[in-house]
Amino acid sequence: EKPSTALYEQACHDGDMAGCFTLGTFYDQGNGVAVDPQRALTLYEKACAGRHLAACVNLGVRYDSGVGVQRDVVRAAALYTQACDGHHAVGCFNLGLLYAQGRGVTQDAAHAATLFDQACNGGTMAACFSLGVLYQDGTGVAKNFVRAADLFRKGCEGLHMPSCYNLGVLYDLGLGVESEVHVAARYYEQACIGGTPLGCVNLGM
């Protein structure tokens, strides 16, 4: 084991939950140790029980996806709720996705919007995008293209490429913003270069 791994092992053993969490990510990703999903799971469990919110999120992702554990979306929702209640933005975003899709919880688009808003304000750009889509479609909130454009712009400024693409579409169609084809093309190009294929398609139209 690398010395850093040994240090995190000792820190975790001594009750440092951040040490347990970081060590869990090492075993998750094979960083200085052999990949060991079960060891990672055990470490995330310990850290989450010690109120390390990022560990609760990672644990929730495991139960959400069924990687290394039997899939249990209800358990994932509880873990995301625990993280979100502690103001962890990714926890709020992941919980919002469950409410939007009705997985592990009763579908509730309005509550999903509230959770996406919390996560977006907490710096999770994918949540700004998801909230923008709700405003664009009028799902769980009143349809509002101006608000959608603002959210896509925030996501795009945070380098979330689907947000750049959607903002381009709004400029293309003049929804919530003045119709400006050259501005739309700029956002399509940014999305295309950033790995969003639809940006490339629209750029070539």
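This is a predicted model: local features need pLDDT of at least 70, side-chain atom pairs count only at pLDDT 80 or more; totals for chains, interfaces and linings use all residues.
In this presentation, contact, or touching, means heavy atoms within 4.5 Å. With that in place, L95 touches A77, Y80, T81, C84 and L115, with residues up to four places away in sequence left out of the count.

Residues are numbered from 1 along each chain as its sequence is written, and side-chain values use heavy atoms, with hydrogens and water left out.

I turn to the overall fold. The protein chain has 12 helices and 0 strands; helices (H or I, at least four residues) and strands (E, at least two) are DSSP runs, numbered from the N terminus. The C-alpha trace spans about 60 × 35 × 25 Å along its principal axes. Of the 205 residues, 43% count as buried, where buried means under 20% relative accessible area, exposed over 50%, and partly exposed in between, for a 1.4 Å probe and protein chains only. Among contacts between residues at least 6 apart in sequence, 40% join residues at least 24 apart.

Next, the interior. A nonpolar core is a set of buried Ala, Val, Leu, Ile, Met, Phe, Trp, Tyr and Cys residues joined through side-chain atoms within 4.5 Å. The largest such core has 64 residues, and those with the most contacts inside it are L59, L95 and Y171. Helix α5, residues 73–85, gives the most to this core, with 7 residues.

Let us consider helix α3, residues 37–49. Its expected span is 1.5 Å times one less than its number of residues. For 13 residues this gives 18 Å, which agrees with end C-alpha atoms that are 18 Å apart. Which residues of α3 are buried? They are A40, L41, L43, Y44, A47 and C48. These residues lie on the same side of α3, because they cover an arc of only 165° around the axis; the arc is that of the directions from the helix axis to the C-beta atoms. As background, an α-helix has 3.6 residues a turn, so residues three or four places apart point the same way. After α3 comes R51, whose phi is positive, near 70°.

T25 is buried, with a relative accessible area of 14%. Leaving aside neighbours within four places in sequence, T25 is in contact with Y44 and N58.

The buried residues of α9 are A148, A149, L151, F152, G155 and C156. They fall within an arc of 165° seen down the axis, so they line one face of the helix. What covers them includes α7 (109–121), α8 (125–137), α10 and α11 (181–193).

How do α9 and α10 pack, and at what angle? Helix α9 (residues 145–157) and helix α10 (residues 161–173) pack at about 140°, with axes 8 Å apart. Axes are lines fitted to C-alpha atoms, for helices over the stretch in contact, and angles run from 0 to 180 degrees between N-to-C directions. Among the residues that meet here are F145, F152 and R153 in α9, and N166, L170 and Y171 in α10.

Finally, V169 is placed in α10. V169 touches Y188 and N202, not counting residues up to four places away in sequence. V169 and K46 are 123 residues apart in sequence and 45 Å apart in space, C-alpha to C-alpha.
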